Amino acid sequence: MDEQQRREIEAQLDKLGRDAQKIAENAKEALGHLRSGDLQVACDIVALSHYPIGHVKADHDALMEAFTVAGVEPGAGR
């Protein structure tokens with residue numbers, strides 16, 4: 001893996017982490033509202049995760065492609 005590939009993968013991993021963190025934050029907030037009986041707000045907050053969830057899938061696919069292009073395959077090191 002060359003330096004440019006490593007930097008690109010690093011940036012993609014950073015984005016994946018931010019997207020996943022947003023989903024986790026939304027879930028925690030929704031859980032608080034659910035426990036306090038505000039079902040509508042909990043539902044609305046979960047709905048806000050629609051886009052970050054889609055981004056996580058796209059981030060994952062892009063990362064797997066980047067690793068493959070760099071010559072790294074999942075499970076090959078086992």
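A residue counts as buried when its relative accessible area is under 20%. D59 has a relative accessible area of 8%, so D59 is buried. That residue sits in helix α3 of what is a predicted model.

**Helix α1**

- Helix α1 covers residues 3–35, a run of 33 residues that reaches 48 Å from its first C-alpha to its last. That span is close to the 48 Å expected at 1.5 Å a residue.
- I9, D19, N26 and A30 are buried in α1, and the buried residues of this helix pack against α2 and α3.
- E29 is also found in α1, and at 42% relative accessibility it counts as partly exposed.
- Between E29 and R7 there are 33 Å in space, C-alpha to C-alpha, while the two are 22 residues apart in sequence.
- G32 is another residue of α1, and with a relative accessible area of 39% G32 is partly exposed.
- From G32 to T68 the C-alpha atoms are separated by 40 Å, and the two residues lie 36 residues apart along the chain.

**Where α1 meets α2**

- The axes of α1 and α2 come within 8 Å and cross at roughly 170 degrees. Angles over 145 degrees count as roughly antiparallel, and α1 is therefore roughly antiparallel to α2.
- On the α1 side, the contact is made by N26, E29, A30, H33 and L34.
- On the α2 side, L39, V41, A42, I45, V46 and L48 take part.
- Sorted by class, the residues of this contact divide into 8 nonpolar, 2 polar and 1 charged.
- Two of the α1 residues named here, N26 and A30, are buried, whereas E29 is partly exposed.

**Where α2 meets α3**

- Helix α2 (residues 39–48) and helix α3 (residues 50–69) have axes that come within 4 Å and cross at roughly 30 degrees. Angles under 35 degrees count as roughly parallel, so α2 and α3 are roughly parallel to each other.
- V46, A47 and L48 in α2 meet H50, Y51 and P52 in α3.
- The contact of α2 with α3 has 5 nonpolar residues, 1 polar residue and no charged residues.
- V46 and L48 of α2 also belong to the contact with α1.

**Helix α3 and its two sides**

- Helix α3 has 20 residues and reaches 29 Å from its first C-alpha to its last, close to the 28 Å expected at 1.5 Å a residue.
- P52, D59, L63 and A66 are buried in α3. Looking down the axis of α3, its buried residues fall within an arc of 65 degrees, so they line one face of the helix.
- What covers these buried residues includes α1 and α2.
- H50 and K57 are exposed on the other side of α3.
- After α3 comes G71, whose phi is positive, near 90 degrees.

**Back to D59**

- Which residues does D59 touch, not counting residues up to four places away in sequence? They are K15, L16 and D19.

Definitions and conventions
Residues are numbered from 1 along each chain as its sequence is written. This is a predicted model: local features need pLDDT of at least 70, side-chain atom pairs count only at pLDDT 80 or more; totals for chains, interfaces and linings use all residues. Side-chain values use heavy atoms; hydrogens and water are left out. Axes are lines fitted to C-alpha atoms, for helices over the stretch in contact, and angles run from 0 to 180 degrees between N-to-C directions. Angles under 35 degrees count as roughly parallel, over 145 as roughly antiparallel, 65 to 115 as roughly perpendicular and the rest as oblique. Contact means heavy atoms within 4.5 Å. Ala, Val, Leu, Ile, Met, Phe, Trp, Tyr, Cys and Pro count as nonpolar, Asp, Glu, Lys and Arg as charged, and the others, Gly among them, as polar. Buried means under 20% relative accessible area, exposed over 50%, partly exposed in between (1.4 Å probe, protein chains only). The expected span of a helix is 1.5 Å times one less than its number of residues. The arc is that of the directions from the helix axis to the C-beta atoms.
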